[in-house]
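Visitor: I have a model open and want to learn how to read it. Can we go through some features together?

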Amino acid sequence: MAGPASSSRTSLHDWQALSDHAHATRQLTLRDLFAADHVRAERLSFEACGLFVDHSKQRITEGTLPMLVRLAEACGLRERIAAMFAGDRINTTEHRSVLHVALRTPRSERILVDGVDVVPGVHEVLERMASFCDRVRGGQWLGHTGRRIRAIVNIGIGGSDLGPVMASTALRHYSDRDLTFRFVSNVDGTDFAEAVQGLDPAETLFIVASKTFTTQETLANARTARAWALAALGDEQAVARHFVAVSTNASEVAAFGIDTANMFGFWDWVGGRYSMDSAIGLSTMLAIGPERFSELLAGFHEMDEHFRTADFEQNLPVLQGLLAVWNTTFLGAHTIAVLPYDQYLARFPAYLQQLTMESNGKRVTLAGRFIDDYETCPVYWGEPGTNGQHSFYQLIHQGTRLIPCDFIGFVRSLNPAGRHHDLLMANCFAQAEALAFGKTEAEVRADGVPESLVPHKTFPGNRPSTTILAERLTPRLLGSLVALYEHAVFTQGAIWDVNPFDQWGVELGKVLANRIVPELEAEAEPEMTHHDHSTALLIRRYRRGRRKSD
Ligand code: F6P
């Protein structure tokens with residue numbers, strides 16, 4: 001089909017120009033680029049919302065960012081941002097607005113969806129959450145037997161787990177240490193069994209977090225949790241004191257047996273992976289308290305405003321998103337490593353995996369055209385920095401693949417201990433330096449290295465990275481950092497022309513699993529002609545093994 005809606009991004013003049021530019025500059029090295037420009041680091045560093053972002057070690061010339069910005073304009077990024085903030089139904093395949101930004105909009109502002117201002121509803125839920133959290137934290141919300149709640153178990157998966165887990169780890173410094181937090185996501189019974197190890201049902205509160213309240217894994221875990229609690233507490237009435245739900249689906253919550261008076265709602269315009277600051281963040285608020293949760297929201301909002309209003313040339317999420325496009329689509333990188341130099345951010349890469357890959361892991365444009373002429377979302381992965389150095393950094397430094405890295409570090413530690421923080425940050429800066437500039441054969445020889453080892457000890461350099469440096473990891477800073485990536489993902493989606501807000505790719509596996517469950521559980525050998533030979537063989541072997549061990 002012809003026409004602008006179905007034409008490829010590759011036919012844009014600005015796309016072609018970038019493609020040519022990538023080709024023309026492929027021989028340039030970061031050594032050359034830094035040698036030619038003594039203010040490069042200042043020129044390519046940007047600052048907003050408490051984040052100092054140094055892009056100077058990216059493989060870009062003076063012309064690259066302006067060209068990427070022109071591409072963003074040509075792809076309609078500006079209009080898409082306006083449409084998102086205006087509450088337009090930009091999630092076209094699900095016919096939904098995309099308004100996670102409303103979750104952190106101050107009470108004084110208005111955001112209309114179908115003529116209705118959604119901001120008062122957001123604050124109403126926040127107030128209910130705050131009052132609940134104050135009662136639990138203050139010991140007024142008691143368990144069924146009159147004991148104080150001492151453990152919170154969040155049951156959820158995907159966006160109903162990864163954000164809360166990440167925030168619980170990231171903000172542990174600020175959390176109430178008298179409360180224990182556990183998270184159950186996997187349908188593997190081990191996850192539940194280990195999460196409740198050592199917990200007393202009389203002092204445990206379960207949060208069943210599920211946007212849809214139909215997710216197999218979460219409901220299975222929630223049923224097991226109810227059985228675990230009732231086995232000890234012995235009374236159905238106990239459910240009301242030990243279970244609360246977070247969901248958009250009140251009827252399924254009620255059907256499960258949780259009183260909707262104990263439900264905290266949100267809305268279909270909040271995507272699961274964009275929901276950590278909705279009621280899905282209840283465990284976060286329980287941990288850090290309502291006031292610090294407000295600071296988290298303020299950090300998100302500050303970045304939202306920056307994204308909405310700043311010039312693209314200075315706009316942190318726009319630049320971050322465009323550079324990911326540059327590295328993957330134009331320079332051919334397949335992955336991006338996210339490397340926090342802060343133990344509290346240990347789960348940040350895992351959180352980003354869903355945010356980035358469930359959003360932009362797509363091969364069909366908004367208009368339904370198959371994308372066969374450029375690459376979209378890279379694989380995001382990572383681990384806290386120094387641990388990674390003793391594991392996979394070898395490949396980043398000397399492997400055959402190009403792996404752009406995001407380094408994240410802080411000026412101040414939340415746990416100052418002797419020289420630890422200087423050692424940590426020295427490693428962070430050193431890795432980015434080594435990746436960018438490497439070590440030439442001549443430099444290796446000058447160290448007196450035997451000739452046979454010279455190739456092994458040479459570092460090619462020219463490996464791109466961005467370093468994000470902030471003062472201290474605070475709730476507010478975390479909000480800004482997460483929003484930076486959220487909007488970078490949005491920016492990428494606009495360039496790749498995909499819908500970052502649906503996730504049809506998770507459906508087929510769910511349907512097939514639901515078909516296989518009864519085949520594993522049936523007494524009689526099931527008819528399996530509808531399966532391929534491999535799947536049928538595996539099912540038969542599993543059934544045989546189960547029969548033997550039962
Ligand atoms: O299967 C993917 C997914 O739909 C995610 O997008 C979502 O975050 C997760 O499942 C959990 O969904 P829910 O919150 O509805 O249980």
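Visitor: Is E443 buried, exposed or partly exposed?

Guide: First, keep in mind that this is a predicted model. To judge cover, look at the relative accessible area: buried means under 20%, exposed over 50%, and partly exposed lies in between. E443 has 32% relative accessibility, so E443 counts as partly exposed.

Visitor: With which residue does E443 form a salt bridge?

Guide: Look for a nitrogen of Lys or Arg within 4 Å of a carboxyl oxygen of Asp or Glu, side chain to side chain. E443 forms its salt bridge with R31. Their closest N and O atoms are 3.1 Å apart.

Visitor: How many salt bridges does the structure hold?

Guide: It holds 25. Take the one between R104 and D277, where the closest N and O atoms are 2.6 Å apart. R104 lies in the loop between α5 (77-85) and β3 (112-113), and D277 lies in the loop between β9 (263-265) and α12 (282-288), so the pair ties together parts that are 173 residues apart in sequence.

Visitor: Are R104 and D277 buried or exposed?

Guide: Both R104 and D277 are buried. They also belong to a network of salt bridges, which links R104, D277, D304 and E486.

Visitor: Which residue does R412 pair with in a salt bridge?

Guide: R412 pairs with E471, and the closest N and O atoms are 2.6 Å apart. R412 is in the loop between β12 (405-410) and α18 (420-437), while E471 is in the loop between β13 (465-470) and α21 (475-496), so this pair ties together parts that are 59 residues apart in sequence. R412 is partly exposed, at 47% relative accessible area. E471 is partly exposed too, at 40%.

Visitor: Let us turn to strands. Which residues lie on each side of β12?

Guide: Start with the general idea. In a regular strand, side chains alternate between the two faces of the sheet. In β12, C405, F407 and G409 are on one side, and D406, I408 and F410 are on the other. Both faces are covered. Six of the six residues of β12 are buried, so the strand is largely enclosed by the rest of the structure.

Visitor: Which strand pairs with β12 over six bridges?

Guide: That is β13, in the parallel sense. Find I408, and you will see I468 of β13 opposite. β12 also pairs with strand β10 (residues 335-340), in the parallel sense over four bridges. There, V338 stands opposite D406.

Visitor: How many residues of strand β5 are buried?

Guide: Five of the five residues in β5 (151-155) are buried. Read its faces in the way you read β12. A151, V153 and I155 are on one side, I152 and N154 are on the other, and both faces are covered.

Visitor: Which strands pair with β5?

Guide: Strand β6 (residues 180-184) runs parallel to β5, joined by five bridges. N154 stands opposite F183 in β6. Strand β7 (residues 204-209) also pairs with β5 in the parallel sense, over five bridges. A151 has T204 of β7 as its bridge partner.

Visitor: Which helix makes a β-α-β unit with β5 and β6?

Guide: Helix α7 (residues 162-170) does, and the unit is right-handed.

Visitor: How do I read contacts? What does T61 touch?

Guide: Skip the neighbours within four places in sequence. Then T61 is in contact with H21, T25, L28 and L33. T61 is found in the loop between β2 (51-54) and α4 (64-74). With a relative accessible area of 16%, T61 is buried.

Visitor: One last stop, the surface. Which residues form a nonpolar patch there?

Guide: L508, V511 and L512 do, with about 280 Å² of accessible area together. L508 lies in helix α22 (residues 507-521). L508 is exposed, because its relative accessible area is 59%.

Key. Residues are numbered from 1 along each chain as its sequence is written. This is a predicted model: local features need pLDDT of at least 70, side-chain atom pairs count only at pLDDT 80 or more; totals for chains, interfaces and linings use all residues. Side-chain values use heavy atoms; hydrogens and water are left out. Helices (H or I, at least four residues) and strands (E, at least two) are DSSP runs, numbered from the N terminus. Buried means under 20% relative accessible area, exposed over 50%, partly exposed in between (1.4 Å probe, protein chains only). Contact means heavy atoms within 4.5 Å. Patches are made of residues with over 30% relative accessible area and no salt bridge: like charges are joined within 9 Å, nonpolar side chains (Val, Leu, Ile, Met, Phe, Trp, Tyr) within 5 Å. Accessible areas come from the Shrake-Rupley method with a 1.4 Å probe; for residues, only the protein chains shown count as cover. Two strands pair if DSSP finds at least two bridges between them. A crossover is right-handed if, with the strands pointing away from the viewer, the path from the first strand over the helix to the second runs clockwise.
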